Amino acid sequence: MSSFDVEGGFDRVLEGDCVELMQRLPEGSCDLVFADPPYNLQLEGELRRPDNSRVDAVDDSWDRFANFEDYDRFTRAWLKAARRVLKDTGAIWVIGSYHNIFRVGAILQDLGFWILNDVVWRKSNPMPNFRGRRYTNAHETLIWAAKARGGKNYTFNYEAMKSLNDDLQMRSDWTLPICAGGERLKNADGGKAHSTQKPESLLHRVIVGSTKRGDVILDPFFGSGTTGAVARRLGRHFIGIERDRDYARIARERIAAVQPVDDEALEVVRSKRGEARIPFGWVVERGLLPPGTTLRDAARRHAAKVRADGSLVCKDATGSIHRIAAHVQGLDACNGWTFWHYDFNGTPVSIDVLRQRLRAELT
């Protein structure tokens with residue numbers, strides 16, 4: 001097989017060994033890696049319910065390893081290959097259970113990744129513990145890590161995550177249902193097409209929170225293609241690697257049926273720190289607030305007049321919109337954009353509306 005040419009090669013599923021294929025990808029070509037590797041569940045024998053019916057558990061050959069050393073060698077190899085294809089500003093998400101996630105986390109750190117968060121996915125509808133000898137296993141753990149220690153340029157759409165959570169900071173414990181019902185893909189016999197299919201809601205949160213439109217997401221354990229389906233819907237590119245031909249076929253068919261969201265709907269709330277700086281003088285220059293305009297606070301207790309250079313003057317001081325807003329209130333500091341209002345047909349309107357208008361023109 002010839003070296004994989006990333007140009008024109010996005011949005012497709014590659015079949016084969018993930019380490020071998022990642023080594024053929026160009027170095028630094030991906031913005032994010034989402035990995036759902038084998039968990040090494042170490043299951044022995046069949047699992048049955050109290051009524052003796054068989055539980056459709058994970059007993060696939062791809063989840064079997066001879067011992068922990070064998071699993072660690074496998075983990076180190078694929079993580080090393082994934083790190084090579086990540087951009088310096090890139091990051092990785094790895095999901096696992098108590099069987100493997102601690103081993104994965106240690107190897108991530110050994111290879112130089114810098115852990116940003118561990119996220120607990122609390123399953124709202126977990127499978128019961130049928131043997132009654134342990135607690136119900138109701139969660140899985142995701143590790144989110146930057147490529148290198150001290151990296152500050154990884155993508156985190158903080159405001160978008162806050163918006164997704166009703167204007168509250170998104171916490172590191174996520175309550176989401178497991179993949180079930182109509183979302184669960186079935187094979188010809190009516191059984192699960194893939195034993196560990198992840199819910200699209202989980203990938204939606206990961207992708208919206210840690211990528212931008214047009215970013216490239218690599219999934220080295222593509223399975224039934226959840227990462228690709230959500231990436232396509234959200235305007236991101238993907239590269240999926242899957243060694244099982246049947247899974248690859250299922251993934252391609254699933255993704256082909258996905259309708260991408262229009263560009264306007266893909267916009268997210270952006271961090272204030274990331275927005276373009278708009279000097280108040282630009283508002284004056286553009287004639288949006290001509291010199292001589294009187295500004296007042298919302299309660300109409302204080303007033304100041306706009307000058308030609310973008311400064312304000314009140315009865316005993318001159319200065320910027322921020323300095324005069326603080327001065328009239330006897331404060332050390334104040335955001336003048338939200339304090340001052342202008343009159344529009346008898347209604348006070350925040351001057352911040354004019355700032356947003358100019359920002360929109362820039363973008």
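**Helix 6 and its surroundings**

Colleague: Which elements do the buried residues of helix 6 pack against?

Modeller: In this predicted model, packing is read from contacts, which means heavy atoms within 4.5 Å. Helices (H or I, at least four residues) and strands (E, at least two) are DSSP runs, numbered from the N terminus. On that basis, the partners of the buried residues of helix 6 are strand 2 (30-35), helix 5, strand 7 (216-219), strand 8 and helix 7 (245-256).

Colleague: Which residues of helix 6 are buried?

Modeller: This is a predicted model, in which local features need pLDDT of at least 70 and side-chain atom pairs count only at pLDDT 80 or more, while totals for chains, interfaces and linings use all residues. Residues are numbered from 1 along each chain as its sequence is written, and side-chain values use heavy atoms, with hydrogens and water left out. Buried means under 20% relative accessible area, exposed over 50%, and partly exposed in between (1.4 Å probe, protein chains only). By this rule the buried residues of helix 6 are T226, T227, G228, A229, V230 and A231.

Colleague: Why is helix 6 described as largely enclosed?

Modeller: Helix 6 has eight residues, and its buried ones decide the matter. It is largely enclosed by the rest of the structure because the number of those residues that are buried is six.

Colleague: Which residue with a positive phi follows helix 6?

Modeller: Its phi is near 75°. The residue is G235.

Colleague: Which residues does G214 touch, leaving out those up to four places away in sequence?

Modeller: G214 sits in the loop that runs between helix 5 and strand 7. With the sequence neighbours left out, G214 touches G235, R236 and H237.

Colleague: Is G214 buried or partly exposed?

Modeller: The relative accessibility of G214 is 37%. That value is why the residue counts as partly exposed.

Colleague: How many Å apart in space are G214 and D31?

Modeller: In sequence, G214 and D31 are separated by 183 residues. From C-alpha to C-alpha, the distance in space is 9.6 Å.

Colleague: What share of the residues in the protein chain is buried?

Modeller: The secondary structure of the chain comes to eleven helices and 14 strands. The chain has 363 residues, and the buried share is 43%.

Colleague: Over which residues is the pLDDT below 50?

Modeller: pLDDT is the predictor's confidence in each residue, from 0 to 100. The chain averages 88, and 89% of the residues score at least 70. Where pLDDT is low, the predicted coordinates should not be read in detail. The stretch below 50, which has 17 contacts in the model beyond near neighbours in sequence, is residues 45-55.
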